[in-house]
Amino acid sequence: MKILITDDHALFRDGLKLTLEQLDNKAQIIQAESYIQAEKQLEENSEVALVLVDLDMPDKNWQEGLADLMTKAPQAHFVVISATEDSKVVRQALERGVSGYIPKRSESKIISAALKLVLDGGTYLPPILLESLGTSKVPNENKNGNLTTRQFEVLQYISKGLSNKQIAYEMGVSEATIKLHINAMLKALNATNRTQALVNAQKIGII
């Protein structure tokens, strides 16, 4: 697996590199110190599967920079690792389709666990967003986003960051069945990915 780390602080990039190598000693790690340099790396490395990116870099505003990177690597998973913990910024990043948002002040073991979750196909949401999403387990019957009971159950597990495999285990069904539930849930919530589904579900008040 090839992974791109984009951050304007060399020491932080090196620390992430060590963490990633502990998670997957076969991973090929490349680095960039700006959005523009990251774009060049993605042009030269079309097989990058995971992009870790800091939002606050001097060469572009983060909305433009992140959008440009995602255009360059539509096949890759993106994870934001940022010092910014404003819930509005977190939501905006998730709405753009990132697979996780990790605060930089998180302990190394939290960062490691979050990255492992994403590499396993899950979604990592920071505590600040999970708190705002709440922990309701019963949807409003008049406002359920047209989800079936099983689809809503899957949505609840996704809100906890579980991967498809983990959800399948919890629900006692096959991973293929979970994928079918997720596809139907995404359509019902007018979302294109898991994180956008969570944001849309929160907007209509079902979680």
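Just after helix H4, Gly97 takes a positive phi of about 100°. Helices here (H or I, at least four residues) are DSSP runs numbered from the N terminus. The model is a predicted one, in which local features need pLDDT of at least 70 and side-chain atom pairs count only at pLDDT 80 or more, while totals for chains, interfaces and linings use all residues. Residues are numbered from 1 along each chain as its sequence is written, and side-chain values use heavy atoms, with hydrogens and water left out.

H4 itself covers residues 87-95, and its buried residues are Val89, Val90, Arg91, Ala93 and Leu94. Buried means a relative accessible area under 20%, exposed means over 50%, and partly exposed lies in between, for a 1.4 Å probe and protein chains only.

Helix H1 spans residues 10-23 and contains Thr19. The relative accessible area of Thr19 is 14%, so this residue counts as buried. Leaving aside residues up to four places away in sequence, Thr19 touches Ser112 and Leu115. Contact here means heavy atoms within 4.5 Å.

The next topic is helix packing. Two packed helices are described by the angle between their axes and the distance between the axes. The axes are lines fitted to C-alpha atoms, for helices over the stretch in contact, and the angles run from 0 to 180 degrees between N-to-C directions. Helix H2 (residues 35-44) and helix H3 (residues 62-72) have axes that come within 9 Å and cross at roughly 5°. H2 and H3 are therefore roughly parallel to each other. Angles under 35 degrees count as roughly parallel, over 145 as roughly antiparallel, 65 to 115 as roughly perpendicular, and the rest as oblique. On the H2 side the contact is made by Tyr35, Ala38, Glu39, Leu42 and Glu43, and on the H3 side by Trp62, Gly65, Leu66, Asp68, Leu69 and Lys72. By class, this contact has six nonpolar, one polar and four charged residues. Ala, Val, Leu, Ile, Met, Phe, Trp, Tyr, Cys and Pro count as nonpolar, Asp, Glu, Lys and Arg as charged, and the others, Gly among them, as polar.

Another pair is formed by helix H7 (residues 149-159) and helix H8 (residues 164-171), which pack at an angle of about 125° with their axes 10 Å apart. That angle makes H7 oblique to H8. In this contact, Arg150, Glu153, Val154, Tyr157 and Ile158 of H7 meet Ile167, Glu170 and Met171 of H8. The residues of the contact divide into five nonpolar, no polar and three charged.

H7 has eight buried residues out of 11, so this helix is largely enclosed by the rest of the structure. The buried residues are Gln151, Phe152, Val154, Leu155, Gln156, Tyr157, Ile158 and Ser159. Just after H7, Gly161 takes a positive phi of about 85°.

Lys179 counts as partly exposed, at 44% relative accessibility. Its C-alpha atom is separated by 9.2 Å from that of Ala168, 11 residues apart along the chain. The loop between helix H9 (175-188) and helix H10 (194-203) holds Asn190. Although Asn190 is not a glycine, it has a positive phi of about 55°. With a relative accessible area of 66%, Asn190 is exposed.

Key. Helices (H or I, at least four residues) and strands (E, at least two) are DSSP runs, numbered from the N terminus.
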